[in-house]
Amino acid sequence: ESTEGNDNDEARNNNVTEEEEDSENETAAKSGDLARGNGLPSLANSAGFTTQHLPEEYKTFAKIADGLDAVALTAWVQKLRKRNPQTQEERKNMQVLYGYLMQYFAHLGGARPVESKKLDALVRPLFEMSAQLPMYAQTVAHSRIVKMQDVHNATLREETLRGWPSPQVIVQIKLWCLLFPGSDFAHPILGPLSLLIGSYLTYCPVVDLQDALTGMLLCGCALQLVQPAKRYFPEAINFLTGILDGSKWQDADLVARLAAVRNAPPPPEAKDTESNPILRPVYEFLSTKRGLASLGGRYAYLELLDNALDILQSFCTLLDDDWAAPELLEDIHASLSALGTVVARPSLDAKRLALASRLSNWSRSIRAERVRLPVASGASVTVKKTYNPRFEEDYVRGRDYDVDRERSAMRRLRREFASEAKGAARELKKDNYYLAEQRRREAQEASASLRAEQQRNFGMLEQLEADMRSGGQSGGFSRQKGMQPRKNGRG
């Protein structure tokens, strides 16, 4: 089941890559970006093939290149190239040739068996043309990386697929690590590429040794990316430590079988040789369907551990000058301890012990050089006295320490003037408040006097009105009792 799932992943990646490449060529042809040659040359043998015309289509270019060996292919590409393209048409031809070479390079990476000599022959012209056409090379690489990321995200959504990259993707990643500088702080190509590699190493499950070997190839590419600038790549280190201590493997039965292989004694006829360079079986792994026959059968896991230790040692070397190295490398030391003794290969176990001892001594020396915060805070600091010091030991608040006495006197007069102005303003505010209070009191007294006079007048009028109504009983005329009114004017 694991074999079928991985084959589906690879077939899907290859199909998507070929369809995208064909669509790119069709779009470029429609837009007029493809240069038109004067005619298609007839296919001949590699020795007599001398045409200098650029084919109109990629299929013709690939068909011609398939009939050439590595030496003839190199000579033909040199004839098609222009050392210093001057005109716009020549520059367009170089862009089309660059696209052909990049697409053919990816095609060679997916072929079985892989033609390693042709791959090596295409690296130098791609490297030189990337320097001649930097913007176009970045555009081509960025578009391919975006499509790889889309394919990877689509495969992760399906539970039946693992999401590991195909051989075509791996050889292109390896090529971009060579073409572009890894020492730049923010590179438009290597930045997305590092994110893509980290996504592969983090989210893709490890079901069998083929997945582990694919991850090892990506860890080698990650090391090549960060080595010039001595950066830290946590995804690669986590993947390698998971391979060593077994936490990355998804199948528990496979982990048990690998432990049995690791603890089995070596056969008497086996020769324990030194390990080969990092990622030694790159072409052999890509040439076979399962990638295990070329690694030695049952000892493929030991080769995997050997390469993992080599890559981990290279990552540890990048952190020589880092004060946070003990904390960053704790997981590596723990995974080396969890790996245990490798009985099947004594040289591998010696390498493991040497790396663990180096990490221990290194962490111990860095921790010993660190200064504790309480000790650092309690240390006395001697300050040199200067002519015009920033801070005075016997500082007195309010005293002017300016050496220019005239400037100091002017500053003092300004302060006194400002103080007097504030005092005068304060006195004026008090006077205004006092005058306003006096005016308010006088107005209140006048209002009270007017109100009292008005009340007296109204009282007198009310009394007169009452007398008039009562018939003058309060001093007015009163009629006598018994008096009869006059008749006819007489009393």
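1. The axes of helix 10 and helix 13 (residues 300-317) come within 10 Å and cross at roughly 145 degrees. Axes here are lines fitted to C-alpha atoms, for helices over the stretch in contact, and angles run from 0 to 180 degrees between N-to-C directions. The crossing of this pair, helix 10 and helix 13, is left-handed; a crossing is left-handed if the near helix is turned anticlockwise from the far one by less than a right angle, and right-handed if clockwise. On the helix 10 side the contact is made by A236, I237, L240, I243 and L244, and on the helix 13 side by Y301, L304, L305, A308, L309, I311, L312 and F315. Contact means heavy atoms within 4.5 Å. Sorted by class, the contact of helix 10 with helix 13 has 13 nonpolar, no polar and no charged residues. Ala, Val, Leu, Ile, Met, Phe, Trp, Tyr, Cys and Pro count as nonpolar, Asp, Glu, Lys and Arg as charged, and the others, Gly among them, as polar.

2. On the basis of the note: this is a predicted model, in which local features need pLDDT of at least 70 and side-chain atom pairs count only at pLDDT 80 or more, while totals for chains, interfaces and linings use all residues. Residues are numbered from 1 along each chain as its sequence is written, and side-chain values use heavy atoms, with hydrogens and water left out.

3. The protein has 18 helices and zero strands. Helices (H or I, at least four residues) and strands (E, at least two) are DSSP runs, numbered from the N terminus. Of its 491 residues, 37% count as buried, where buried means under 20% relative accessible area, exposed over 50%, and partly exposed in between (1.4 Å probe, protein chains only). Among contacts between residues at least 6 apart in sequence, 76% join residues at least 24 apart. The protein exposes about 30000 Å², and carbon and sulfur atoms supply 53% of that area. Accessible areas come from the Shrake-Rupley method with a 1.4 Å probe; for residues, only the protein chains shown count as cover.

4. Helix 2 (residues 58-66) packs on helix 4 (residues 88-110) at an angle of about 60 degrees, with the axes 10 Å apart. That angle makes helix 2 oblique to helix 4; angles under 35 degrees count as roughly parallel, over 145 as roughly antiparallel, 65 to 115 as roughly perpendicular and the rest as oblique. Helix 2 passes helix 4 in a right-handed crossing. Helix 2 contributes Y58, F61, A62, A65 and D66 to the contact, and helix 4 contributes L97, Y100, L101, Q103, Y104 and H107. By class, this contact of helix 2 with helix 4 has eight nonpolar, two polar and one charged residues.

5. Helix 4 also packs with helix 6 (residues 134-157), at an angle of about 35 degrees and with the axes 10 Å apart. The crossing of helix 4 past helix 6 is right-handed. Q95, Y98, G99, M102, Q103 and A106 in helix 4 meet Y136, A137, V140 and R144 in helix 6. The class count for the contact of helix 4 with helix 6 is six nonpolar, three polar and one charged residues.

6. K82 lies in the loop between helix 3 (70-80) and helix 4. At 40% relative accessibility, K82 counts as partly exposed. Leaving aside its neighbours within four places in sequence, K82 is in contact with E90, M94 and Q132. K82 and M94 are 12 residues apart in sequence and 7.2 Å apart in space, C-alpha to C-alpha.

7. K230 is in the loop between helix 9 (209-226) and helix 10 (234-245). Although K230 is not a glycine, it has a positive phi of about 55 degrees. K230 counts as exposed, at 52% relative accessibility.

8. R262 belongs to helix 11 (residues 252-263) and, at 12% relative accessibility, counts as buried. Apart from neighbours within four places in sequence, R262 is in contact with Y301, L302, L305, L339, T341, V342, V343 and A344. The C-alpha atoms of R262 and R345, 83 residues apart along the chain, are separated by 8.0 Å.
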